[in-house]
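Some notes on the model follow, point by point. Please read them with the coordinates open.

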Amino acid sequence: MATSIDIHEHAVQRAFDKALSLANGATTRSLNEVETSLWSAVLALGRGLVALYLARVVARPRSVDYVHDGAKFVLAETATIEIGTRFGKVVFDRPVGRRVGWRRATCDRPVDRALGVCGGFSLPAVLSVTRLCAQLSFANARANFAQFCEWSPSQRSTLRMVDAVGAEARPFLEGAPVPDDDGEILVIQVDGGGAPHIDLAELRLRQRPHAKRSGTARHRRRARRRARQRPRRAKGDKSKNAKVAFVGVIYTLRRADDGSCEGPIHKRLYATFESHAAVFKWLHHEAVKRGYGTKRTLFLADGAEAIWDQQAIWFPEAEPCIDWVHIVEKLWAAGRCLHREGSDQLAAWVGDRVRDLRARSGADKVITTLSAAYATIAKTGPGNKAKREKVLDVLTHLSKHRHRMPYHALRRDDLDIGTGAVEGAIRNLVRMRLDGPGMRWSRGRSEWVLHLRCILLNGQWNDFAAHLARRGALQLAATPTPTRSHQAAKRAA
């Protein structure tokens, strides 16, 4: 074993001398050429140092017989693997244990367990790949990792990493401590955004055995398109087979000395593909930790009835407020039924309604004005039926949400009346990563990537990495999680 350590020490010295010789070059070379060569030399030096450390760990004295999980083992042989690190792949010879009296039992790897090796990879390598996968497509993540580390895990290994790390994301989010120095006003916003998922027909197509290749790639793609003729979509069919991600945002506002509010403070995103009830249960857990029930709480959302039904269940003590932009768009839709599109009269009419909505009288005056306008539209005449239906629809919507439009009181207190925070969260959390061209997600893996992105956008990734390091070795499954299809429900035609 001492000879092995000596070999690794000489390898480290050679790698260091090579890097030093590049820096002490006798001839002038371009910085690009020198930096490229130095990067490769530094990675080689890192691999040598890691190999030396592993050899010293293996050389430390240990008992031949030991007990693990109540079973007796004996160190009976030596196995060799390659460990993927951020410096590159390192060959690792270490002893493995066999269970006493069980010839065919799974072997135990005590050194791997002590080092925290994750299925043939170091934890920093696994976390680096997973973080890139939470930001980029899996292929681009592997390419970016290879750009800096001069190697990349296989597609299969990448999926194993995402599955293992993603499964730890939600427990970490739920157990995260309350932010320090939080504000005294709690704000909760909820909305949803869809991400395309793979359907059963496409899943079966991908699972078919690959036929023998013939012809050019262009003609093979053409043959695949002809083999699967897509029928014309009927009314209610969804083009991308989307599943909705339910997204919630929690943050606080703090009163300044002059009475105004500053924030958002410690904004946190939480999301799931399960259901509205699931995300509300999660949000309630987080809101209670941050003072729901003792702090003034504001709840904002658009006009989705499912959201307001859950708000009544989980946040009955919160002050409800329907999104300001959502209501203003409704006023524009009604105004276009009363005045010509693009006319000054239309802009003036909507401007007056907006001022009424922000005044103390609030929604009551707007509803009264809109009721009078509805009565002036003739029941007969070209287009009048559609106009009456649209104005009546807006009028019904405003009447239903009248108690959720306290805009005058909220603006007087310098509080939010719009759902911009959750709208931006949906764009950054869902659309930028999960709604890319050609993407078709498996139900389980999309959930894990969604939680990983919550950690990233919350600024909690370093805490998450430290949490996983404290827990010990991360277990990577032998195979990726099987793909689960999703069939989107049809909309009402």
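1. The buried residues of helix 2 are Val34, Ala41, Leu43, Leu45, Gly46, Gly48, Ala51, Leu52, Leu54, Ala55, Val57 and Val58. This is a predicted model. Helix 2 covers residues 31-59, and its 29 residues should span 42 Å at 1.5 Å a residue. The end C-alpha atoms of helix 2 lie 41 Å apart, which agrees with that expectation.

2. The largest nonpolar core comprises 102 residues. Within this core, the residues with the most contacts are Ile188, Phe299, Phe315, Leu357, Leu398, Tyr407 and Phe464. Another core, of nine residues, lies apart from it and includes Ala51, Leu54, Val58 and Val117.

3. Leu357 is in contact with Trp324, Ile327, Leu331, Gly362, Ala363, Val366, Met405 and Tyr407, when its neighbours within four places in sequence are left aside.

4. Helix 10 (residues 276-289) packs against helix 11 (residues 305-314) at an angle of about 40°, and their axes are 10 Å apart. The two helices are therefore oblique to each other, and helix 10 passes helix 11 in a right-handed crossing. On the helix 10 side the contact involves His276, Ala277, Phe280, Lys281 and His284; these meet Ala306, Ile307, Gln310, Gln311 and Trp314 of helix 11.

5. Thr479 sits in the segment that follows helix 19 (461-471). Its relative accessibility is 43%, so Thr479 counts as partly exposed. Not counting residues up to four places away in sequence, Thr479 touches Arg156 and Arg160. Thr479 and Ser157 are 322 residues apart along the chain, yet their C-alpha atoms are separated by 8.2 Å.

Methods. Residues are numbered from 1 along each chain as its sequence is written. This is a predicted model: local features need pLDDT of at least 70, side-chain atom pairs count only at pLDDT 80 or more; totals for chains, interfaces and linings use all residues. Side-chain values use heavy atoms; hydrogens and water are left out. Helices (H or I, at least four residues) and strands (E, at least two) are DSSP runs, numbered from the N terminus. The expected span of a helix is 1.5 Å times one less than its number of residues. Buried means under 20% relative accessible area, exposed over 50%, partly exposed in between (1.4 Å probe, protein chains only). A nonpolar core is a set of buried Ala, Val, Leu, Ile, Met, Phe, Trp, Tyr and Cys residues joined through side-chain atoms within 4.5 Å. Contact means heavy atoms within 4.5 Å. Axes are lines fitted to C-alpha atoms, for helices over the stretch in contact, and angles run from 0 to 180 degrees between N-to-C directions. Angles under 35 degrees count as roughly parallel, over 145 as roughly antiparallel, 65 to 115 as roughly perpendicular and the rest as oblique. A crossing is left-handed if the near helix is turned anticlockwise from the far one by less than a right angle, and right-handed if clockwise.
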